[in-house]
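Please keep the sequence and the model at hand while reading.

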Amino acid sequence: MALIILAHPDFSQSVANKAVIEHLQNSGLNIEIRDLAALYPDYRIDAAAEQQALLRHQTIVFQYPLYWYNMPAILKQYFDSVLTYGFAYGTGGDKLKGKNFVPSLTIGSPEEDYRAVGAAHFRVYEFCKNLEQTAYYTKMNYIDPFYFHGTSPALYSREQIRVRAEECAGGLAQLLRKLGG
């Protein structure tokens, strides 16, 4: 069984993340989805409840849109509140050891923006180094991120975005099956 930590601050308005989640829900996989913005609109995350959810699963997917080259604030708050000393790291903090850490991102801009000579000046993997370090520090197995470009409604049609999302979600679902999700 896989845990999906959904960290979209306005999921009701999402096209890409909504399509990914719907694909996973209809994939036949045994998944639990925790929509952080719906659960914690005030950002007061129940660390104990979230830690229990993490303990129930071998694979954790962090699903979110890339915002200003980073994660949305609610996901940062989640990491700060849930991945605590004695639980995720430090003395006795080995509760996540050996679990799979899977980032899954949606990116508004086109792929050519994420190159050394593109508008973002860096590749997507470089923007995920903090995630990789978090997985390393908590002794989790970091899996390269699933992501796709072209999710901005200002640049692409809803149908174009949905098709891209379905393709990416299909690969993510295959990975989850392989990992025992």
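Is Arg56 buried, partly exposed or exposed? Arg56 counts as partly exposed, at 48% relative accessibility, where buried means under 20% relative accessible area, exposed over 50%, and partly exposed in between (1.4 Å probe, protein chains only). This is a predicted model, in which local features need pLDDT of at least 70 and side-chain atom pairs count only at pLDDT 80 or more, while totals for chains, interfaces and linings use all residues. Residues are numbered from 1 along each chain as its sequence is written, and side-chain values use heavy atoms, with hydrogens and water left out.

**Salt bridges**

- The count of salt bridges comes to seven, a salt bridge being a side-chain nitrogen of Lys or Arg within 4 Å of a carboxyl oxygen of Asp or Glu.
- One of them joins the side chains of Glu32 and Arg56, with an N to O distance of 2.8 Å. This pair links distant parts of the chain, 24 residues apart: Glu32 is in strand 2 (residues 31-35), and Arg56 is in the loop between helix 3 and strand 3 (59-65). Helices (H or I, at least four residues) and strands (E, at least two) are DSSP runs, numbered from the N terminus.
- Glu32 is buried, with a relative accessible area of 17%.
- Another salt bridge is formed by Arg34 and Glu50, whose closest N and O atoms are 2.7 Å apart. Arg34 lies in strand 2 and Glu50 in helix 3, so this pair ties together parts that are 16 residues apart in sequence. Both Arg34 and Glu50 are buried.
- A network of salt bridges links Glu32, Arg34, Glu50 and Arg56.
- Glu159 and Arg162 also form a salt bridge, with their closest N and O atoms 2.6 Å apart. Both residues lie in helix 7 (residues 158-178), three residues apart, which is about one turn of the helix.
- Glu159 is partly exposed, with a relative accessible area of 44%, and Arg162 is partly exposed at 34% relative accessibility.

**The buried Lys99**

- Lys99 belongs to the loop between helix 4 (73-82) and strand 4 (100-107).
- Lys99 is buried but has no salt bridge, and the nearest side chain of opposite charge, Glu32, is 11 Å away. For charge, Lys and Arg count as positive and Asp and Glu as negative, while His and the chain ends are not counted.
- A polar atom of the Lys99 side chain lies 2.5 Å from the backbone oxygen of His57.
- With neighbours within four places in sequence left aside, Lys99 is in contact (heavy atoms within 4.5 Å) with Leu54, Leu55, His57, Gln58, Ile60, Met140 and Asn141.

**Helix 3 and helix 4**

- The axes of helix 3 (residues 47-55) and helix 4 come within 9 Å and cross at roughly 90°. Axes are lines fitted to C-alpha atoms, for helices over the stretch in contact, and angles run from 0 to 180 degrees between N-to-C directions.
- Helix 3 and helix 4 are therefore roughly perpendicular to each other, a term for angles of 65 to 115 degrees.
- Where they meet, Ala47, Glu50, Gln51 and Leu54 come from helix 3, and Tyr78, Ser81 and Val82 come from helix 4.
- Gln51 is buried, with a relative accessible area of 14%. Not counting residues up to four places away in sequence, Gln51 touches Val82, Thr84 and Phe87.

- Which residues of helix 1 are buried? They are Ala16, Asn17, Ala19, Val20, Ile21 and Leu24.
- The cover over these buried residues includes strand 1 (2-6), strand 2, strand 3, strand 4, strand 6 (146-149) and helix 7.
- Leu29 lies in the loop between helix 1 (16-25) and strand 2, and it counts as buried at 12% relative accessibility.
- Leu29 and Gln174 are 145 residues apart in sequence, with a C-alpha to C-alpha distance of 9.7 Å in space.

- Tyr43 is not a glycine, yet its phi is positive, at about 65°. Tyr43 is in the loop between helix 2 (36-39) and helix 3 and is partly exposed, with a relative accessible area of 34%.
- Lys139, a residue other than glycine, has a positive phi near 65°. Lys139 is in the loop between helix 6 (129-137) and strand 5 (141-142) and is partly exposed, with a relative accessible area of 43%.

Methods. A polar contact is a pair of N or O atoms within 3.5 Å; within protein, one must be able to donate a hydrogen and the other to accept it, and residues adjacent in sequence count only if both atoms are side-chain atoms. Angles under 35 degrees count as roughly parallel, over 145 as roughly antiparallel, 65 to 115 as roughly perpendicular and the rest as oblique.
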